[in-house]
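Please look over the sequence and the model shown here before reading the report that follows.

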Amino acid sequence: MAILRLPGLIDPHVHLRDPGLTHKEDFFTGTSAALAGGYTTIIDMPNNKIPITTKQLLNEKIKIAKEKIVSDVGFYFGSMGDNLDEFELVADKVLGLKIYLNQTTGNFTLDSHKLEQIFKAFPHNLPVLIHAIDESTEQVIQVLHSVKRPVHIVHVSSKFQLGKVIEAKNNNLPITCGVTPHNLFLSEADQQRLGPFGMMKPPLRSQKDVEFLWKNLMAIDCIESDHAPHTTEEKMKSEVNNLSLRAQRSNLNGIATSSASWRIPRNDIPYGVPGLETTLPLLLTAVNEQKLSIEDVIRLCSDGPSSIFGIKQDEQTYIEIDPNLKFEIGNLKFHTKCGWSPFDGMKVKGKVVKTYLRGEKVFEDGQILAKPGSGGIIP
Ligand code: NCD
Ligand code: ZN
Ligand code: ZN
């Protein structure tokens, strides 16, 4: 097959860490990883070191982004339930509100009793995105019955959770959901091998859960990488003595192929894995294996997020992929600052060769051609 042209992809769930944690990622390296992965638009989460819960913090973040981005970027606002007055002030600057009902990176968890108030207060033309696990998904759906407003459940990962979303959809509730590449292409069987590099929220699930996600792809509205970079140093902070730490470190350049079994890490190991540069190659490989079609990829990575978050991309914003190019993930020259991948060692088929933003070639053969600040802020 010859070179294929696809619309520029949209990733509605990334953590670019800027400002506050720019040793992990920043707006330039994060948006460079996006372009290299075939993504022309990404939406950044608000769990910065200082969570983005005021108009002022949002404006400061946008100002920093403007100087550095090479892809288009949108933002979500954050809430712990005590900033409802700010919602109206930021409504024209964000693409949604993100709330965390369960623990993850950053201390940002909302008391579920505040859900109803938030559902009412945030403008109903924008979605509320929710980080939830099985039980809190049920709570969300409960509240959604009384306050009907668009809600997007991020990173659904279990059979139970997706089952609940499907049930809610069948009851005509205004609910959508996304799934991550790591919950589609890895399972808990990979956990031991990956150690801290396979630790994220929600965690890797059983083969049964993974199969349920694949079987019900039509009920999933988008694929979101949940690109959540942490440095290798941060990931390696396990409770071991220096000797075994050195042994683990020497395994780092082949985390997937080594037979190292990791000690149970301390719970200050940060959760999250990068994903922007690996999602499309994994999906194209799955297309090759006929696990899904190229039309599914366009629905999940372009049309789906475009309609949920109201994003219109220019006709001249597109990517060129070589569906036959084979490579090993670990051999990629990563643009993400963290420089590693939980998919290291996997052989894939299908690569982004060029990325265009509004007719301008911004990425070609591994090189970023765009200048910092040339990306656009959405809306
Ligand atoms: C994310 C992070 O590191 O910011 N971590 C993760 O494990 N997914 C936060 C999140 O999306 O829950
Ligand atoms: Zn999350
Ligand atoms: Zn996330």
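## The sheet

S5 runs parallel to strand S6 (residues 97–100) and is joined to it by two bridges, and Gly 78 has Lys 98 in S6 as its bridge partner.

## How the model is described

This is a predicted model, in which local features need pLDDT of at least 70 and side-chain atom pairs count only at pLDDT 80 or more, while totals for chains, interfaces and linings use all residues. Residues are numbered from 1 along each chain as its sequence is written, chains are lettered from A and ligands numbered from 1 in the order in which they are written, and side-chain values use heavy atoms, with hydrogens and water left out.

## The zinc site

The zinc ion (ligand 3) has as protein donors (N, O and S atoms within 2.8 Å of the metal, or 3.2 Å for Na, K and Ca; water is not among the atoms, so sites may look incomplete) His 13 (NE2), His 15 (NE2) and Asp 226 (OD), which lie 2.0 to 2.1 Å from it. Along the chain, the donors of this zinc ion (ligand 3) follow the spacing H-x1-H-x210-D. The zinc ion (ligand 3) is 3.8 Å from the zinc ion (ligand 2).

Key: Pairing = 2+ DSSP bridges. Helix = DSSP H or I, 4+ residues; strand = E, 2+ residues; numbered from the N terminus.
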